[in-house]
Every structure is written in structure tokens, then in C-alpha cells.
Amino acid sequence: MIADKTYLIENVLKHTDKIKLSPAVQQQMRLLRSDENDKPLVFVGAGTCGLGAGAAETMDNAKAWLSENGIEAEVIPVGCIGLCSSEPLLDIKLPGKKRISFEHVSGEKVKGILDKIFAGTLPDHETLGQFGEQESQQSWEGVPNLKDHPFFKPQLRIVLENCGVSNPVSIEEYIARDGYKAYLNALKVFGREELCDFIEKSGLRGRGGGGFPTGKKWKFALGTEADQKYLICNADEGDPGAFMDRAVIEGDPHKLLEGMAIAAYAIGASKAYVYIRAEYPLAIERLVIAIDQAKEYGLIGKNIFGSGTDLEIVIKKGAGAFVCGEETALIHSIEGKRGMPRPRPPFPATSGLFGKPTIINNVETLSNLPTIVNKGADWFSSMGTATSKGTKVFALSGKISLTGLVEIPMGTTVREIIFNVAGGIPNGKKFKAVQMGGPSGGCVTDKNLDIQIDYESLVNVGAMMGSGGMVVMDEDTCMVDIAKFFMDFIQRESCGKCIPCREGTRRMLEILESITTKPKNRETHEPLARFKGVLQIEKLGRVIRDTSLCGLGQSAPNPVLSTLTWFREEYEEHVFDKKCRAGVCKNLRVYTIDVENCTGCTLCAKKCPTNAIIGGRKQPHFIIPDKCISCGACEEACNFNAVKVS
Amino acid sequence: MRSEIQDILDKYPSAGHDSLIPILQQVQEHLGFLSEESVVEVGKFLKMPTSKIFGVATFYNQFRFTQPGKYHVQVCRGTACHVLGSATVLDEIEKNLKVKAGMTTKDKLFSLEVVACIGACGLAPVISINGEFHAKVNSESIKTIFEAYRNREVVS
Amino acid sequence: MNFTIEVNNNKLSANKGETILDALQRNGMSVPTLCHMKGLFPTGSCRMCVVEVEGRRNLVTACSEPVTDGMKISTHSSRVIESRKTIVELLLSNHPDDCLYCERNGNCELQKLSEDLNIRERRISGQKNNYKLDVSSASIVRDPAKCILCGRCVRVCEEIEGVSAIEFVGRGSKTFIDTAFNHGLNLSSCVNCGQCIMVCPTGALKEKSHLAETKDNLNDPNKTVIIQYAPSISVTLAEEFGFKPGQNIIGIMNAALRRIGFDYVFDTSFSADLTIMEEASELVHRVKSGGTLPMVTSCCPAWVKFAEEFHQDMLDNLSTCKSPQQMMGAIVKSYFAQTEGIDPEKIYSVSVMPCTAKKFEQQREEMTQNGISDVDAVLTTRELARLIRLHGIDIHKLEPEIADSPLGTRSSAGKIFGASGGVMEAAIRTAHYLITGKEMVKFQVRGVRGLEGRKEAKVQIGELEVGVAVVSGLQNASLLMEEIKNGRNDIHFIEVMACPGGCINGGGQPIGADEEAIRARMTTLYDIDEKDAIKVSHKNPYIVELYDKFLGKPLGHKSHELLHTHYQKREIK
């Protein structure tokens, strides 16, 4: 028999304060966790990234193979384990054997792998590792433990603990993994204020970017008298280059729900919202299932487990606006308004959603709570640096060997993450910088690779923790172009309310556009404007930072100011030499005509908008560099591959 | 006459202004876009001025006011995608479809939209066609992808 | 509780709960503002009022930041000034450079700020957004290119008028203010009140001008051009010429109008008296015959359109009387034309109104007789001032003259129409006479005077206790109408004006008046009432004559044809 709802409520959830469950119950828990199994189990990493890499086909082919071979086995879609670049991932757990993982299992590889494994042998490629911690199970010989994989070894997984391992839509499995124990214990053991104190003591700080101590923030709302209070989970992960929240919700929605329940109890909120991007349909789908399950178990609803505590959780789909990451904008959005921030005070903790005390915590912050309650504040604060405790999830992407999600203890160096965990820069290219904190952050260069990651150290080098996006850039990345990219993003995503942000970011973008473009007309003031632009941009940046209404505007100039600090010479090259060393800025490219290939057909000269190409008919043509605006029309026109770009 | 969106509105018996965005999302899911008539109707239902609803709808990236193509192409312009060349990908798609971002092809087959990060940075650059992801695309693979969609039409 | 704060090294006292801006203004200090609107919640959008507060990393906005004890503030440090300057430069960076041609040249807040901040060159230049001019409305022209998105128009439209015809559209640097689906004001719920113009700091909003047509007709020898002016014009026009607020220059205005070339100069206060005759009679009739009550005034065209859109179930409550402007127009092209022997088609009838909605009213289908408009052109107070300047008239050197007879003579009851509560008071005076056959002992009805948004009073008329309410600002009107719909029945008569405080604060009045100025205008109107001999409309001898010679009796057949109207439900998009 497999434990059902009544069994779990009576034997597990009602005894969360017991130190040890009976051996019979423990056996049930092992089965639910798939640490032991009667039937073979096949797990497919089916997060958004897995599916994007073809996991659906992998899953279909696995099912087909099993039915063709008459094997009764279960195929379980799981979330993302973090190793996106190795997707699709496929795990197999044969009864009595340890769970074993394979990487790059695209549809056509499924048969080969399953053929071998079910025959008890290993395939030649694609083996990633096995789950060494399943001690009661027999090991696969010669297969390393997954935890010893260089990608996983330096990690310490609290938030990501179950991601990619457990079935995200099984509350039973979550309960078997100590799920909801923290919440039910908190209801029993802690008073609200005590719980706030406890979390404050743990040193947990907001993982959404600001880094405000979570327990302290809760106390503002707890201390405000009101007939209704709200908790909002901010899952509007708008930072381009960050996908932690998506992966956490897709991989372990119950952990988030439990964290929300704990936080809601601490501040006395009986209603909670998850504000999640509509662009994350899979995460929403899994969250909806998880909420229904928790309701069915009486973990959400009225008078939860007889505690007298009520909780309702509502999902609100964000309609796409980066600025809604800002607390007051997010509140306006839930209220059905344009997501424009308002001045603070009053702070949401005293007057927020519908004018009631409201606490907004980010997904990662909330997902930390169950483990902190279970393992203790001291345990949590023993990790990390003096000011930043616990772990941090980072999303690694860009010019890096292994892309994906990692959770590392605070205090780890940036170098460790990039060169050890993620395997460094591919294709033998040189590391240039890593952008941290998204459009509000800045870059960390090789000069600062050895800083220990915490909130303060990153700010000191002009970057920020942000929500945890790390986009790695190599020598082929143009830093002026990156600054331009962020400015373009920010000026589009600015809410348009306050003048410095609305007009200022647009002007900064225009200045960056002008220095990444050759002046079209030398007679006008355009060339002068390019020079003046660079003088302006720093000044403008400072005023925008100093006067903008909300955090988005105040941090908007950061990518420019940061790249200007570390890569000033690249800016100067663009302005003075009209040259982009990375070859990214199209409009600064140098075009020449290869006399060998040129047939003198005159087509390029006819197409050139500035009459920069000269040459007689049937004679090789030439480009006058001073007149060329690098539009590329000649390259497109040439049928003989005679136009060269450098 | 019972309007097309009445079924959606029926689901919100005691709706306040905070139901506006969910209602608009459902209307768009149903119609493919927000028609003027639907916005007026939602306004009457919620007792909100149409101008306010228009203001809200134009604020968020999600809402559009014209019918999208049969295949709605979303090009991710997140940081990771940018670093790995999504600008070139976008150029290529614009050339391939002969429309600019924000427009629909003349045969109404494709509409092209540039979207903020879709959170699949590990697969950058990414495009999504009617919700289906295409990972690590480049100028070459774009051609094949769109050819495949066009061929589907010829077959059906 | 009192705090001590330190501003630019001077100690000041501040009250708990007030903002830095409140504290500064109370102490006679100022910082520039753009988006700030007195009495409304701060939005903090323009950032002009930033100040430096010791211990704060960023600059803070004085309009939204509450004072704290011991706060040290610097309002004009170089960091603050540079920031403000940059903000204005940013606004100028993509602003159309057409100040010389702009309606608001010399009267523009953006221009003044850039002058005050000593901006002498374009340090930042930016791409201009392409916007279309919205000329669709009969009353108001919108030029989004000049808009600096302070949001004051959006707020006044929503929070004061309850109309919400316009809203922020789009996001980021592409944000602009527009109507739903960019259809233009004429198809929106806009009631043409013009309060948006009054709060606009730049030339992004202005009236649809009728100056050109007016001048053309003045130059046409075949046209008899008559002009009427609303009761409030004589107490506001002076401000356009540098007089202090509240100066009554009616005689000088008459003289100026004749210099410009108007053939006849009439006073709309006369037709205000006529309105009272009809309206008071209608009220008495409704009360006596069990008609629809409460009766609501109909002289404010913005309110009429508002009711047609948002309170369609109350259209029967509206008085059927045309407004004084339209009554004057109708009488001019009938009685006056007849007595003077002028072909009505050769009369060009101009009015000067404190109002932009009157331009819309004048074009309503209902406001014509046999295809001839009652009124042909409507000028705002501002346009009249422009016309006077255009003709090179130095009003300081004019001798006062009186308006033409018979349509230029009024009682003071007609004059107080210009202030919120004035129509009510004038109507009560005449209704009292109609019901009891006696004049009131004291004519003043103090309970309906003043600038408050809602005033209510009980008035004893003989045996009858009449409940009256006066509201200004259409949001206030809406609230009251909802109460009525919910069963409130102690009110018999309601006066509604769209503009807060009434026509003296109308959307066509001089720009830049503060509450003090509006109060001064109101005081002048009541002073005139105090001093005048004839304080009731029914004693205006020319009104009596008009009924004797032409109209017969109030609510009679002729009145019905010329002076009353009907309303239409309007679909709002």
C-alpha cells in the first residue's frame, strides 16, 4: 500500500513535532520519496528549459519504449535540476538500484539508453552520475556520484533541494521530504512576534535585490493594526537573464507555498497572492495544482490543522512589465491599475494592497523559510559572510560552458562560480566580465573575480546581488553594446511616470546609439554631438540616480556607469576611433573592397547611400572610409563576395 | 444578443477593479487580442471608464489590439539571448518574414513580437512560436524553422 | 505636535503629518513644482521639488516626504539646483521649439522654470516623438507634443470631474496622454469643461479658438455682429491686463467691445434673469403639480453632457431651460431681430464665456431655430483679452460705457450666476415671490454661497420648506446624484456647476488663478449684489417688458419654442 491523504495526515502531518516517525511510516516515506521502489521509475527533466531542449519527445519516446517492451514503469516529469546546458535530462531508478542520471538525452537517444539500462549495463555516453545518498540501494559500478560532479560539488542546495529530483506536483512526496513540517510546527510552537524574531536572527535577507532583513520587514506589518493584512509573493521575474523563480516554482511549488504560509502566519495575513509572470505558463500550471493539493490536505484554508489560522492563496498573473518588480507598482498592478510606482512613505508594510499592511517577499526568500524553521536560525546564520547569510541561487547564462542554476553559499567567489562550477568560458575565449543584478546591476571584471559574494561586496564594485542573474561575457562582447542593450531595455520598461527616468534613460540610449554609429553627415553638428554625448552621459546618469522616483529609475544608469568605470577605453575607441574592438557594433564596421574579387559591376556604388564608393566600370572599386557610414548596403549588393568587413 | 465575452464576465460575479487584468487576459486568450467592443463591454461590466482600461492595457506588454497571425512568433531579447546574438536572429526573422517586429505578415500567417526575457536563458537565443520553444537558434536554423511552418500550411 | 526642522540652516517649526512642501510654503519659502496639485494626493512624478535631506542617499521630493523632527533640509544646494536644471533640460530636449508661436508664450510654467533655472543652451537634445494634434473636439485642442506628462489634466478629469476622458497611454518614453483607443476627444466622454486647460502647465491643452470667424464677421459689412458676455467675465477679464483679481471692469469692457467693432453689446446676465423666470416657474410648477423632483439646473453645458452620459436615468430631473447663453442667442435672433428689423440670417451672434463647454453647447443640434444657430461663435475670457490686444486697445485709457438696451440690463440676481450657488440663490428669490406673492425679507441665502464643493440648505418659502443643494465639480455632482438614486428625498432643487467654485473658475478664464483670486472674484459678484437696487430677476423692467411684448408668460408657448430644450442619452465609448 502507498500512503494516501488520510494516512499522511494522521501519521505524519499531525506528528510534525515528533523526533522520529515509526519504522513503518519511515518505510512509506522512502517509497514516496522514490528512495526505494517496486516498479522502475523514469524521470525526465521537464522544466521550461528541458521542454525547450526537447524533453517532451524524450518523455514520449520513453513511454513508447516501455510499452513496446511490456515494462510496467512510471514516467515522472520533474523540474529542472539546474544543469540547463545538459538538457534533456533523463533519470532511471530501477528497484534496488540507485537512481542514475543521463544528459543530452534527446528523443533519438532514449532507446539506446533504456535498452542498456534495463539490461543492467551502462550506455557509452551521456551518463551524468548517480544518487549516492540512496544508501540502501545498490550502486552502479564506475558511475560517479552526482553530488561530486564539479557543477554540483560546490553547491549547497536549500531552495533548490528538491528541484529536478522530486515530482513537483506530488504533495505526498513533498510531505515525505519533511514538507509542511516547518509550517505546522511554526503554528504550534511560535508566536507571530517570536517567528519574526527567529527569522531576523537567522540573518535571512530579501533575495529579490534589495537585501532588507526579512524578519525586520515582517515586524513593520505585524506591528500595524489592521483588520486585514496581505502577503504577496513576488514571482514577476522581469530581470532579463534571470530564471531562478521560474525554476523553483516549476521544480518545487510546495516549498514556495509552505514558505508563504509561514510568512503569512508571521505577519498575520489571512490572504496571500502570488504575482507571477504570465510568460511562465508551466510554473503557473504547477502552482495551481500545488495550491489545490494543499487545500485538499487542509494546509491552506480555514482553521488550518485546528490552529485557528486561516490562509487563502490567490494567483495573479502579471501582464508583462519589468517595473512591477517594484513593490508599489506591483501592488497597483494587482489592484488593476497601471503598474506605476508611488512615493514612499507610506511603505507597503503599513499601507499597501488596498491600503492594508502588505509584505512583499520574493520567491527565493520565501522558499528558504521551511528549511530555516526546520534546521534553526543558528544553522542558517552559520553559513555565509558577516552580513549575508545562507545561500544564493544564481542563474548562469551567456558565454559560459555550463548554463543553468546554481545555489552556492554566500561568500563563494565569483571566480569559483564561473570557472569551477560552470566550467569557464567556452571555445578558448577570454573572459571579459559578468553582469550581475541585471539592468539594475553592473559588471564584475577579472579585477574583481575574487570578491566573496555578499550584498555589500558586490555593491562596492559597482554591481549588485539583484535577483541573481549572472550573464557572462567574453572578448567578443562589446561593453558599449551591452550598456546600450540595458538602456534600451530600461527606457522601454520605465513606467513613464517620473521625468528623469522616462526622458533621461531615453536620452542616454540616444547618446549610446550615436557613439555606436558613424556620424552620417560631417557637416552638421552630429560629430560634435557624439563627443558631447560622452561628457553628458555620466552627468545625466548621476541625476537620474539621484532624483528618480523608484528603484528602477535610481538604478537605471548603473549598467552605463559600471561599464564606463571598467571599460572606459572601449567607449573612447567608439567615440574617437569609431571602432568596436569586438566587432559587434555593426554601424562602426570597416568595409573594404577586395580588388581580386571585384568585377567592377558598379552595383555597390549605385546602392551606396553616401556615394562613398568610386571606381570605373569593369575596374575594381574603392570605398572612401571618411564617407562610409557602415550601413552594409554594398555587402548586401555584391554578388561576388568582394566586400569585406572588419 | 449575448456577446462573445459574456461567458468570461459571468465568471466574475462580484468583480471589483482588481479583476480587470485577469478579465483582459482571458478576453485576449479567447479573441487573440483586445477588440474595442470587448474593452467597452468590460468597462461597463466593471463600471470603469474605457480610457482607464485602455491606459492599463497599453501599459503591459501582454496586451495587443490587433489580431495576431496564425503563428505568433516571439523573439526573446533577454540579456543572455542578446549576448548570444538575438539581435542578428531578429534581423534574420524580419528579413525572412518581410515584416518588422510588432507587425503581422500580409498573409496573416505570422506575427512577430519582441518579448522580454522568457526565462529560458540556458537555451539562448530562444524564440517561441505559438508557445513552442526553439532553442539556440541562429541565422541558418531560422530559415529551416520558418520553412517548416510554411510547409505545414501547404500540406493542410 | 510641533517639530523643529532646519531649512538652509534656519530653524522652522513644522507640524507632524505635514509634508516638507507644506512646511516650506507655510513658512513662506518655495521650491518649484510641476505635478503638485493642492488638495490632491502627491504623485511624485515630476521630481521638480526635490530637496536634499541630511542622511538620505538620494534627493527626496518635498511634496510627498513627511517632515520628521530635527530634519535638516537644503532646498537650493548646488546638487539640488543641478538636478532640477537637468530635469527641465530633459523636458526641453524633445519639446517643440515654438515658444514664440505658442498659446502659452509668457504664461507657461515650463518656460518660467527654464528661465528661473537659467537654462541658456540646449545641452541635451533628443529625438522628438511624433504625435497628432487632436482637434476633434468642439471645445478643446490637445497637442501631445507639448505635453510634459505631469498628469494634472488626467487627475482633474478623473478626481474632480469624475469623467476620465483621458488617461496615460503606453509606457516608458512612449507614454502620452490620450483618449480610449486614440479616438479623439469628440468621441470620448469629455464634457468640454476645460478644467484640464486650467491645470496644464504648458500649451498642450487650449480652447478651440473662434477668433478667426469672429474677426471675419466683424469685417463683413453685411453682418450685424452682436456680442454678449457672461456674468463672470467682467470680474475676471481684468486679470489678463494685470489688474488684481476681483476687479470689475464692466464699463471698460463695454467700451472695448465697441472699439473692436461689435454692433451691439449685450449682457448675458439679462438672459440669466430670463432663465430664472423660466426656471423658477418650472420649479414651482413641478412642486405644485407633482412633477419630477429634485429639479436640477441645466445652465452648465458640461454638466448637461455629463448627465446625458453618466446619469441617463435622471435626465427628466434636468430643468428644460436653455442656458442664459442660448436664451440670449434665441431672443437676439427672434425678438431683437424683429424689433430692429434685421434678417436673423444676417446677425452674427458672439458670446464671451468663462467656459469651453459653451463652444460645444453652441453647436448642439437642439440649439437652432429653423436651421439658424442661436449663437454663432463663443470666445473664452482669454480669447477676448487676445482680441482686445489685437486691436491695440489700451483698456487703462478707456472711459466706462454701458451695455445696449434692452438686452443689456440686468438685475443683480442675474449677475451672481457667475459664482457657485448664484443660480440657486437667484431662483429662490423669484420662486419665493411666485409662491408667496411676497419678496423675501433678506435676499441673501448664505448657506449656498462659498467655494465648497457641496453646500446644502433648507429654505422656508411660505409654508413650504425647500431643500436645496449646490455642487460644483462633477465628481461631487455624481456623489449627490447617487444619493438621490438611492432614495434621498429631502432635496427639491439642485444647482450643478462643473467647475469648482462655478463659472468664476471656468475653463475659459485667465490661467494661473489661485484660490485667493477665485475668492476675490466671488466677493466682487456678491458686492455688486449688495449694492444693486434690483436684486430679483422678476423686477428687471426689461424682462417684464420682454414678456409683455413678446413671450407672454413664463413656460408659455413662445417660451417653450425658444427657451426650452430637451436632452439625449449619449453612448460613452
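This is a predicted model: local features need pLDDT of at least 70, side-chain atom pairs count only at pLDDT 80 or more; totals for chains, interfaces and linings use all residues.
Which residues in H19(A) meet residues in H2(C)? Residues are numbered from 1 along each chain as its sequence is written, and chains are lettered from A, with ligands numbered from 1, in the order in which they are written.

Let us begin with chain B. Its C-alpha atoms fill a box of roughly 50 × 35 × 25 Å along the principal axes. Chain B has 7 helices and 4 strands; helices (H or I, at least four residues) and strands (E, at least two) are DSSP runs, numbered from the N terminus. Following the sequence, you will find the order α-α-α-α-β-α-α-β-β-β-α in chain B. Chain B is split into domain 1 (6–59) and domain 2 (71–155), with bounds that come from an automatic or database domain assignment. The C-alpha centres of these two domains of chain B are 29 Å apart.

How confident is the predictor here? The mean pLDDT of chain B is 91, and 98% of the residues score at least 70; pLDDT is the predictor's confidence in each residue, from 0 to 100. Within chain B, helix H4 (residues 50–59) has the highest confidence, at 97, and helix H5 (residues 79–83) the lowest, at a mean of 87.

Chain B touches both of its neighbours. On one side, 41 residues of chain A are in contact with 32 residues of chain B, where contact is counted if the C-beta atoms of two residues, placed from the backbone, lie within 7 Å. Helix H3 (48–52), helix H13 (327–334), strand E10 (391–398) and strand E14 (469–474) of chain A each bring at least two residues to the side that touches chain B. H3(A) gives the most, with 4 residues. By class, this side of chain A has 16 nonpolar, 17 polar and 8 charged residues. Here Ala, Val, Leu, Ile, Met, Phe, Trp, Tyr, Cys and Pro count as nonpolar, Asp, Glu, Lys and Arg as charged, and the others, Gly among them, as polar.

Chain B also meets chain C, through 10 residues of chain B and 14 residues of chain C. The largest share of chain B's side, 7 residues, comes from H4(B).

Now for chain A, which is assigned domain 1 (33–148), domain 2 (191–381), domain 3 (391–477), domain 4 (480–577) and domain 5 (589–645). The C-alpha centres of domain 2 and domain 5 of chain A lie 60 Å apart.

This brings us back to the opening question. Helix H19 (residues 499–515) of chain A and helix H2 (residues 78–93) of chain C have axes that come within 9 Å and cross at roughly 60°. Axes are lines fitted to C-alpha atoms, for helices over the stretch in contact, and angles run from 0 to 180 degrees between N-to-C directions. In H19(A), the residues Ile499(A), Pro500(A), Glu503(A), Gly504(A) and Arg507(A) meet Ile87(C), Leu90(C), Leu91(C) and Ser93(C) in H2(C). The residues of this contact divide into 5 nonpolar, 2 polar and 2 charged.
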